[in-house]
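Let's work through some exercises together, one step at a time. Keep the sequence and the 3D view open while you try each task.

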Amino acid sequence: MLLLTCLLILCVQIAFPQSDSTAYRLGIEGIKLIDEGDFQEGINYLKKARKLEPEQYDYTFEIGHAYYLSGNSKLAEKYLYPLQYHVHVQPDLYILLAQCYKALNEEKKTPDESRKKELDALRYGVQKFPKVGSLQLELGKRNLEMEEPLKALSIFEDGIVNAPNFAENYFWAAKLLKATGNPLWTWIYAEVFFNLTENDEMKRTAAQLISESTEKVFSENWKADPESMDQELRFLLTSECKSINSNWDLYIEKRACLLDKWRDTAFPISVVIGRMAQLEEKGLLEPYLATIYLENDKGLFLPWVAAHAKEYETYRKWRNWNPITIKEPVKRL
């Protein structure tokens with residue numbers, strides 16, 4: 001209980017500027033009450049704080065957020081809408097506004113199927129904060145809900161270019177490219193995500209995407225797209241990186257050959273090869289690949305771990321503190 005109280009106080013201190021003002025103390029009390037589920041009383045405290053410091057962004061935002069959480073999206077929108085033009089506006093405002101418009105639209109007898117207000121809120125947010133990947137993520141997901149996968153892919157890839165170290169846009173782009181039959185870029189995006197995310201469940205899905213897509217790319221039957229990277233990779237894999245092995249040994253050999261032949265490539269796949277090179281230098285490449293190709297199959301993974309326990313534990317600890325850092329945007333087109 002003490003830990004939860006300390007965390008709550010820390011969150012409140014982050015939400016509001018450091019001050020000993022009466023408004024600040026009222027704001028803290030309001031946030032505590034809302035966190036406890038007492039929305040009306042918490043909102044009353046926040047309104048008192050706002051009345052004392054009407055130009056303060058956070059009090060108005062938290063009032064709108066509390067109204068949304070309490071199920072009153074109409075009042076939430078009333079408080080949130082003007083904040084779009086506030087000098088201290090933050091990206092999460094546009095996501096919350098979009099959620100309000102979605103709820104209001106669903107309450108209508110005849111909902112707007114284009115979800116214009118909801119999408120416009122996010123589009124405006126993207127224009128205001130083009131380098132905040134969460135906005136493209138939310139906009140892309142809504143386009144997926146509306147069965148517009150090509151628009152969604154374009155939005156996710158814009159997010160990848162503008163916010164290259166935001167993980168989830170890679171994940172969704174990889175899933176869409178798998179659906180369109182592009183195993184090479186499914187692999188690239190999924191592996192970048194695998195090295196960025198801390199979400200274990202999504203990481204397992206990404207590992208499956210990597211396994212399935214590299215199985216196709218490394219096979220003799222892969223039909224490469226006409227782009228130069230695809231064609232040169234196809235030639236490399238079938239001429240200089242031939243292998244008579246299969247399954248686990250095939251992946252080890254193919255990737256070792258890529259490291260040898262394409263270590264300094266300028267193609268976009270360099271982000272994946274660079275990560276492998278980093279792991280190879282630390283002696284961690286095999287445990288890294290095992291977490292991708294073996295971990296989803298306990299029958300293969302457990303015997304491998306039993307034989308490589310020390311290397312696996314070293315990799316696991318290293319990965320925890322060393323997510324990949326993308327220095328240049330990863331551009332497919």
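**Exercise 1. Find the cysteines joined by a disulfide, and say which parts of the chain they tie together.**

Step 1. A disulfide here is a pair of cysteine sulfur atoms within 2.5 Å. C241 and C257 form one, with an S to S distance of 1.9 Å. The structure holds 1 disulfide.

Step 2. Now place both ends, taking helices as DSSP runs (H or I, at least four residues; strands are E, at least two), numbered from the N terminus. C241 sits in the loop between α13 and α14, while C257 belongs to helix α14, so the bond ties together parts that are 16 residues apart in sequence.

Step 3. Look along the S-S bond: its torsion is about -75 degrees, so this disulfide is left-handed.

Step 4. Are the two cysteines buried or exposed? Buried means under 20% relative accessible area, exposed over 50%, and partly exposed in between (1.4 Å probe, protein chains only). Both C241 and C257 are buried.

A word on the source: this is a predicted model, in which local features need pLDDT of at least 70 and side-chain atom pairs count only at pLDDT 80 or more, whereas totals for chains, interfaces and linings use all residues. Residues are numbered from 1 along each chain as its sequence is written, and side-chain values use heavy atoms, with hydrogens and water left out.

**Exercise 2. Work out where the salt bridges K261 to E240 and E145 to K102 lie.**

Step 1. Start with the idea: side chains of opposite charge can pair when their charged atoms come close. The rule used is a side-chain nitrogen of Lys or Arg within 4 Å of a carboxyl oxygen of Asp or Glu. A search of the whole structure gives 15 salt bridges.

Step 2. Take K261 and E240, whose side chains meet at 3.4 Å, N to O. This pair links distant parts of the chain, 21 residues apart: K261 is in helix α14 (residues 247-262) and E240 in the loop between α13 (228-239) and α14. K261 is partly exposed at 40% relative accessibility, and E240 is partly exposed at 44%.

Step 3. Turn to E145 and K102, which meet at 3.8 Å, N to O. Helix α8 (residues 133-145) holds E145 and helix α6 (residues 92-107) holds K102, so this pair ties together parts 43 residues apart in sequence. E145 is partly exposed at 46%, as is K102 at 25%.

Step 4. Widen the view: K102 and E145 belong to a network of salt bridges that also links R115, E118, E138 and R142.

**Exercise 3. Which helix holds both R123 and D120?**

Step 1. The closest N and O atoms of this salt bridge are 2.8 Å apart.

Step 2. Both residues lie in helix α7 (residues 116-128), 3 residues apart, about one turn of the helix.

**Exercise 4. Describe the largest nonpolar core.**

Step 1. A nonpolar core is a set of buried Ala, Val, Leu, Ile, Met, Phe, Trp, Tyr and Cys residues joined through side-chain atoms within 4.5 Å. The largest has 67 residues, and L184, W187, L233 and I269 touch the most other members. Helix α11 (residues 183-196) gives the most to this core, with 10 residues.

Step 2. Zoom in on L233. Counting contacts as heavy atoms within 4.5 Å, and leaving out residues up to four places away in sequence, L233 touches L184, W187, V217, W222, L258, W262 and I269.
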